[in-house]
Structure formats: structure tokens, C-alpha cells
Amino acid sequence: MGPRTKLVLYRTLQALPALVGVVIVSFILTRMLPGDPAAYFAGPAATEASIAEIRATMGLDRSLPVQFLHYVQDLVVGDLGNSLSTGQPVVEELTRRLPASLELTLTALLLSCAIALPLGIAAAVHQGSWIDHACRGLVTAGVSLPTFFTGIVLVYVFYYLLGWAPSPLGRLDFVYLSPPEVTGFYVIDALLDGDVETARGALSQLVLPATTLALFTLAPLARMARAAMLQALSSDYVRTARAAGLGEGQVVLGYAFQNAMLPVVTTLGMVFSFMLGANVLVEKVFSWPGIGSYAVEALVVSDYAAVQGFVLAMAILFVLLNLAIDIIYTLVDPRTREG
Amino acid sequence: MFLDVQDLSVSFSTRRGTVDAVRGVSFSLAKGETLGIVGESGSGKSVSSYAVMRILERSGRIAGGRITFDGIDLTAMSDREMRELRGREISMVFQNPRAALNPIRKVGHQIEDVLRRHNRATRSTAKAKAIEALRAVRIADPEARYDAYPFELSGGMCQRVVIAIALACDPRLLIADEPTTGLDVTTQKVVMDLLAELTKSRGMSSILITHDLGLAAEYCDKIVVMKDGAVVEAGDPKALFADPRHAYTRRLIRATPRPGAEVGDLLEPPAPSPVRPVPGAPLLQVRNLRKVFGRGASESVAVDGISFVIREGETLGLVGESGCGKSTTSAMIMRLLDPTGGEILLDGRPLTDTPAAKFSRDPRRGSLQMVFQDATDSINPRFTARQAIADPIRRLTDERPAGRVEELAAQVGLPLTLLDRFPHQLSGGQKARVGIARALASRPRLLILDEPTAALDVSIQAIVLNLLAELRAKLGVSYLFVSHDLHVVRLLCDRVIVMREGRVVEEGTAEAVMRAPSDPYTRSLLDATPMPPAAIAATPALAKAAE
């Protein structure tokens with residue numbers, strides 16, 4: 001086993017305590033929420049006796065450690081309980097909705113990186129030029145316009161005025177059938193199925209919400225890329241590379257950008273996490289059936305199994321994300337491989 | 001002429017207008033020759049060489065003059081042509097070698113980049129040629145070092161890699177910009193000898209840019225002295241140093257510490273050296289001091305049972321190269337670190353009674369103070385000079401800062417009008433004065449001077465050393481002078497201890513240690529220090545030896 005594989009394994013093991021912590025905290029947090037789920041479940045006409053009965057069937061009359069034990073036992077077999085409002089198993093709802101959110105988020109992130117990184121690099125290389133000013137303008141617009149606003153403006157312009165975009169109603173227009181599920185990402189699934197028409201339909205639904213999210217995340221990425229590149233370009237090793245006659249492309253992309261990657265990757269992680277939060281608004285505007293809108297609906301009716309499942313899913317996602325970033329960091333920067 | 005620089009001017013556009021960094025500089029270099037460009041910071045010596053390479057930063061531009069390299073006018077070349085030339089015809093070695101290498105790329109690959117860029121290797125031959133380049137700069141086990149990252153190598157090793165990159169494509173001109181600044185003296189000698197030998201055996205011309213007159217005199221055929229962006233004097237090193245024409249050159253030579261000179265002799269005009277206080281009762285006693293870092297397999301002994309005494313009014317020099325444990329020792333005496341074993345007594349009472357973490361509230365804290373190497377980094381950038389000096393008065397004494405700050409400023413010769421300036425508005429020498437005034441604020445009895453002049457130009461160093469000698473005569477304070485340079489230490493110290501690998505290898509009066517070192521390591525330290533030219537000229541015996 002190579003030292004890199006070993007280190008990746010080691011970092012993965014280090015993520016386990018964080019996951020255990022997440023399970024404990026999400027359990028405690030939901031128990032601390034105001035309101036009595038038993039009373040809610042029993043309905044407005046319930047008597048003391050019926051509420052107590054329901055509480056007993058839900059296991060809520062037992063001590064917290066015993067409840068936790070049951071919770072963990074259920075968790076191990078993948079049971080997050082049933083949603084109180086829909087009666088559906090929470091796991092099913094989440095696994096159905098998570099790919100929708102991920103498809104949106106990842107597309108937006110890709111789009112955002114594809115614009116922000118070249119823009120940041122170009123702004124740093126041509127510091128003070130028109131492209132630098134354009135970068136600054138876009139960054140300012142990106143952070144100052146809230147997503148629900150840009151979302152509505154995009155819908156107004158591209159759907160209502162120009163008619164280029166399809167109606168902002170979910171992942172797929174009703175004329176198409178959902179593709180057979182493989183990855184849960186409609187575009188990819190449709191392509192795997194060989195159904196180009198559906199793939200195009202799914203993609204066209206995706207464009208506006210993904211652009212909305214990307215505009216919002218562009219700003220921190222472009223700004224960090226520019227700052228990190230400026231620092232790298234003024235470093236001694238770039239001077240050495242220039243003095244050795246290396247070509248501008250190799251100096252900028254090979255030497256400077258590889259070093260500038262490190263802070264950019266860190267920012268990428270942060271952006272990804274607040275993107276999952278920003279999702280909720282975008283999902284509402286575009287009627288996107290993701291987990292963000294699911295969680296908001298669940299919170300409104302104190303559907304605690306659903307909320308607990310959502311918190312847990314998000315937390316696990318974050319832990320995995322941080323693990324991925326740690327691993328990328330380890331692979332990029334040899335100095336972090338020590339110890 | 002192989003390289004001919006005529007009337008070169010370089011200007012930088014800054015927020016406060018255009019700054020002329022180099023004004024009408026001319027020098028030339030024949031094939032196989034080594035030219036030394038000597039000067040202090042801000043003299044334009046590095047900028048001139050960057051102009052030759054055409055690697056000035058964005059805000060700088062060549063404002064006038066001609067640079068002819070082997071018959072080609074470099075100022076008229078396009079960027080593309082210039083890139084072809086760099087690394088293949090002219091290359092450069094920099095100071096601070098670890099920062100000069102890409103931190104996340106294997107050193108072998110960094111050499112390959114240059115080889116392949118100039119078509120000296122193909123994908124299949126690159127590795128072998130890179131290893132060959134590493135072997136050429138005498139890196140032991142080049143096959144293994146090929147895969148190393150810069151952070152895994154010592155400073156001297158990194159500089160060899162930088163040299164390997166510079167020489168990989170057999171250029172005809174090598175420019176070395178302060179190539180040994182930041183390296184230990186013994187490493188400096190090895191690196192300089194290697195550079196001299198490699199350029200000579202390949203028939204290359206070279207330019208050595210340095211602030212060190214001794215280094216320039218030892219390795220160069222011709223010397224140009226620069227000040228404030230202009231050449232003040234040029235010529236053969238021996239003649240130039242024996243009979244300097246320009247007042248500035250004279251001042252530089254005079255300010256360079258050398259055998260036989262007293263601290264007052266460094267000033268222009270020479271001043272009588274301040275009286276040395278007669279050492280009194282023992283102030284600080286260090287007994288069998290030990291510090292071990294890490295545990296188990298990663299255990300490393302930084303300080304291995306050292307003992308010494310500093311008396312009232314006495315100055316002890318602590319000399320050694322990086323990693324010898326001198327900084328750990330001063331940190332333990334300052335009570336920033338807890339020792340693993342041994343005793344530190346102040347006035348016969350153990351300082352180690354109070355753990356390091358609580359020592360800041362110990363009543364004896366004000367008796368010990370420290371002056372740091374980097375005056376810039378050791379002053380809070382958001383404090384004015386006044387605030388920096390007032391801070392310890394408030395924290396460590398019952399006195400009121402009003403009045404006392406001015407008294408201290410006067411003591412260290414800091415003009416009162418500068419007290420409300422921020423560090424970035426002060427010069428290096430002025431910042432050093434602030435650092436000393438701040439250390440004196442709590443009326444300490446022992447001052448630890450941690451390489452207080454290492455970051456300063458020689459002329460400023462001369463002034464600061466004299467200031468320290470005066471303060472000692474006036475205040476009767478004891479010094480522990482930590483330094484890597486025996487010649488500097490000798491000027492102030494009554495006694496010297498030499499440390500190596502955590503142990504004391506030599507101890508004695510400064511004169512005796514310098515004249516007849518008993519340990520071979522001390523000998524090698526002394527030999528590695530390039531002999532300052534004035535000393536060669538002034539001492540017939542040395543002049544003969546240098547022939």
C-alpha cells in the first residue's frame with residue numbers, strides 16, 4: 001500500500017468520530033425541539049390517555065439513553081422512521097429528493113468553477129486591466145443579489161419575456177417520463193438510457209436554477225482565485241521559474257495555479273456547504289423537488305422524524321465533503337502528508 | 001565585452017509617483033570573469049540584475065540605457081525571445097533558496113521543467129538528466145533527492161537545487177543575487193566554493209550581488225560599489241579595498257567587523273569605544289540546562305546539559321549555527337519554554353519555580369528582556385513607536401509612560417518626532433532602536449540580544465552595536481548576545497561560548513577564542529567567515545596568507 005493510499009485511509013478513519021458526533025447531536029437536538037410529537041400525532045381531539053398510548057408506541061416514554069439506543073439500532077438498518085405528515089418512510093423521501101438537490105448543486109458548482117476560476121486567474125494575471133474590473137463587478141453583483149431575486153429575474157426574462165426557458169416547475173416537464181433511475185441525476189440517467197430528448201428536457205429545466213445558484217457562488221470563488229493567484233504570482237518560486245525561461249503558460253498554470261489551488265479548494269468546500277443552505281430558496285422559486293423544500297415543509301409542521309433525518313443527511317454530507325477536501329489537500333500539498 | 005550595461009535606468013511607478021531605483025548605471029563583464037556588485041539595501045543592486053534578466057516586477061520598467069549581451073541588445077528583445085534566452089544563456093540564483101523553489105513540486109521535476117523547456121531533454125531522458133544535474137551540484141544520493149520536496153531539504157541543499165536549475169542548460173552567464181544570505185557561515189562557504197568552481201570549470205561569466213564585502217573580495221575579479229541607485233566606485237577588489245576613493249566605500253569597509261577593530265572603530269569617523277563595565281556578582285547562573293522535544297522515536301535533544309554564568313554588567317556571547325540550540329537556550333532563559341532539566345538562577349534564586357506559562361506575571365519578569373532579530377516582524381504593525389515602547393512600561397512597571405517613553409527614545413537616539421510613526425514608516429535602523437527602547441522600558445538587568453543586527457546593513461549594524469555598548473556603559477546592564485557571527489560577537493562580548501548540537505564546545509574570553517580556538521568546530525566557523533578586505537589590507541600577515 002502506497003503512502004498516499006495509507007494517508008487517505010487514515011483521513012477516512014478520522015472522519016468516523018465526526019459521524020458518531022453528528023448522530024448524537026442530531027438526536028439530542030430534535031429531542032430539545034419545542035412541541036410534543038405524540039400530542040401532534042394524536043390530533044386535536046386526543047385525550048390524555050390516547051396521547052400516552054401513542055407516546056408509548058413511539059417509544060417516547062422511555063429514558064433518553066434507551067431511546068437513543070433504539071434510534072441507533074434503527075439507524076444501523078437504515079430506518080429513519082416515518083414522516084408524521086405524509087406517513088412515508090423518511091429514508092425513502094430523502095433518497096428520492098437528495099439526487100434532485102445534488103444534481104442542482106453540483107451542476108451549479110461546476111458552472112460556477114468553470115467561470116470563476118478562469119476569471120480569477122485572468123484578473124490576477126492582468127491585474128488592473130479591464131478583465132480585472134469586470135471580475136470585480138461580477139463579484140460585487142454576485143454577493144449583493146440574493147438568490148431568490150436573481151432566480152425570479154431570470155425566470156421573468158428567459159421564461160416570461162424571451163420564452164427561451166421552459167416553465168420553472170420542477171425537474172422535468174410533464175410531457176417527458178422520468179428516466180429509469182441509475183444515479184438519480186435525470187440528465188445522466190436519460191443519457192445512459194439513450195434518451196437524448198429527455199436528457200435535453202431535464203437539462204433545460206436545470207439551466208435557470210443552476211445559473212441562479214452559480215451566480216451566487218461565483219463571487220467567493222472568483223475572489224479567492226484572484227487573491228491566491230496574485231500571491232502565488234508574486235512569490236519567489238514564480239520568479240525562479242521566470243528566470244529559468246519557463247513559458248508563461250507553464251508559470252501561470254503549472255507553478256502559480258497549483259499553489260493557488262489550496263486556498264481555492266478550501267473556499268470550494270465552504271461554498272458547497274452554504275450552497276446546500278441557499279438551495280432551499282432556489283428550490284422554492286423553481287418548484288424543485290429537493291431536500292431543501294422537504295425540510296422547510298417538515299419544519300413548519302414539526303415533523304420531527306423528517307427534520308431529524310434531514311439534519312442527519314446534511315451533516316453526513318458535510319462530513320463527507322470535508323473528508324473529500326482533506327483528501328484533495330493531501331494529494332495536492334506534500335507538506336500536509338507529514339505525520 | 002561579453003555583457004555591457006551602459007547608462008541603465010530603472011524606474012518603478014508607485015502610488016506616490018515614479019521612483020528611480022537605478023540611475024545611469026554602467027558596468028561590463030568579460031568572458032569567464034566574475035563581477036561583484038556590492039551595496040546596502042536600496043542601492044539598486046538587485047534591481048539592476050533583474051533588469052538584465054528582464055524580470056522586473058510589473059510596476060518596474062527599464063527607463064533608459066542599453067544592455068548588450070554577446071552583441072545583442074537585451075532591451076530591444078521581445079518577451080518571447082527573452083524567455084528563450086533566460087535559463088539557456090543567462091540564469092539566476094536567488095537568496096532564500098527554500099522560497100525560491102516551488103513548494104509542492106518535486107525538485108527533480110522542477111529541474112526537468114527547465115531542461116525540457118529548452119529542449120535539453122525529452123520525456124524519456126529528462127529524469128536521467130535531472131539526476132545528472134543534481135549530481136553536478138554535489139548532492140549526495142541524487143536518485144533519492146530527485147523525489148524530494150523543498151521542505152524536506154536543508155537550506156544549503158535547497159540552494160544547491162536552485163543552482164542545479166540555473167546551470168541545467170549550461171548558460172554562459174550566471175547572476176547570483178545574495179546566494180548565501182540566510183545560510184550558515186559554513187554552508188555559505190560550501191555553496192560559494194561550489195558556485196565558483198562550477199562557473200570556472202564551465203568557463204562561465206558570473207555576477208555576484210552581495211552586501212558582504214568579504215564575500216565579494218574573496219570571489220570576484222572586479223567590483224562595483226552601488227549606493228542609492230548609482231555606481232560610486234568600481235575596480236579591482238584588492239586595489240579598491242586597499243585604497244577606497246569614495247567616502248561611501250570607505251564607510252562600508254570601516255563598518256565591517258574585522259579582527260583588531262574595536263566597536264568604536266566601525267564608525268565614520270572612528271569614535272572612542274565606550275568603557276566596558278567591570279563584571280560584578282553573578283547575575284544569571286545556568287546549570288546543566290536540558291531541553292528535549294518530542295517523545296519516543298521522534299525525540300530530539302535541542303539543548304544537552306549546558307552551564308554558564310553571566311555576571312552583573314558582563315556580556316556573554318552565545319555563538320553557533322542554526323539548529324545548535326542557541327535560540328532554545330535563550331527562550332528557556334526568557335522563560336518562554338520550560339526546560340526538561342537543569343536550573344536557571346537569577347540572583348541565586350531559581351527562575352524555574354514559576355512555570356513558563358505563568359512567568360509573565362512573575363515580579364522578576366521585568367528584569368529579563370529580549371531584543372529580536374527582525375525588528376520589523378517583532379513590532380506590532382498597528383502600534384506607533386510610542387505605543388510599542390509604552391506597552392511594557394504599563395504592563396511590567398509601576399511607572400507612567402508619559403515622560404518615560406521620551407526618556408527611553410532619547411537614550412536609544414530615536415528622534416522624538418518619529419515616536420508617532422508606525423513601523424512601516426520607519427527605517428531598519430530606527431526600528432532596531434524602537435526594539436531596544438522597548439526592551440529597556442522595564443529597566444531590565446539582563447538583556448538577551450537575539451541576532452539584533454543580522455537583518456541590518458553593515459553601516460547600520462555599526463551604529464546599533466555602538467549604541468548597545470554605550471547603553472551597557474551607562475546602565476550597567478548585562479547582555480547575552482546570541483549570534484552566528486564570531487566577528488560581531490567579539491566586538492561586544494567579554495566571554496564567548498560556542499554551541500554545537502546542543503552542547504558547549506568551547507568557552508573563553510572573546511579574544512582567546514578568536515585567536516587560538518581549541519575546538520576544530522570553532523576553527524571551521526572562523527575560517528568559513530570571509531575575511532573582510534580591510535583586515536587583509538591592514539594586517540600584513542593576513543595579506544601574505546591571502547596571496
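Trainee: In the largest nonpolar core, which residues touch the most other members?
Mentor: Keep in mind that this is a predicted model. The core has 218 residues, and helix α9 (residues 196-233) of chain A gives the most to it, with 19 residues. The residues touching the most other members are A:A225 and B:L480.

Trainee: Leaving aside neighbours within four places in sequence, what is A:A225 in contact with?
Mentor: Contact here is counted between C-beta atoms within 7 Å. With neighbours within four places in sequence set aside, the partners of A:A225 are A:A116, A:L117, A:G120, A:I121, A:A260 and A:V264.

Trainee: How many residues are in the other core that lies apart from it?
Mentor: That core includes A:A295 and A:A298. A:V307 and A:M314 are also among its members. Its count of residues is 14.

Trainee: UniProt lists residues 202-222 of chain A under "transmembrane region". How far apart are the end C-alpha atoms of that span?
Mentor: The listing comes from an unreviewed entry, which also has residues 12-33 of chain A. Residues 12-33 are 95% helix and 0% strand, with end C-alpha atoms 32 Å apart. Residues 202-222 are 100% helix and 0% strand, and their end C-alpha atoms are apart by 28 Å.

Trainee: Over to chain B: what percentage of residues 284-526 is strand?
Mentor: The UniProt annotation "domain: ABC transporter", from an unreviewed entry, covers residues 3-253 and 284-526 of chain B. Residues 3-253 are 38% helix and 27% strand, with end C-alpha atoms 28 Å apart. For residues 284-526, the end C-alpha atoms lie 28 Å apart and helix makes up 34%. The strand share of residues 284-526 is 26%.

Trainee: And how many residues of helix α4 of chain B are buried?
Mentor: α4(B) runs over residues 107-117 and is mostly covered. Among its buried residues are B:V107, B:I111, B:V114 and B:L115, along with B:E112, B:D113 and B:R117.

Trainee: Which residue with a positive phi follows α4(B)?
Mentor: Look at the stretch after the helix. The phi there is near 55°, and the residue is B:N119.

Key
Residues numbered from 1 in each chain as written. Chains lettered and ligands numbered in written order. Predicted model: local features only at pLDDT ≥ 70, side-chain atom pairs only at ≥ 80, totals over all residues. Buried ≥ 20, exposed ≤ 12 C-beta atoms within 10 Å, placed from the backbone. Helix = DSSP H or I, 4+ residues; strand = E, 2+ residues; numbered from the N terminus. UniProt positions renumbered as here; feature names shortened; annotations may be inferred. Core = buried A, V, L, I, M, F, W, Y, C linked by C-beta atoms within 7 Å. Contact = placed C-beta atoms within 7 Å.
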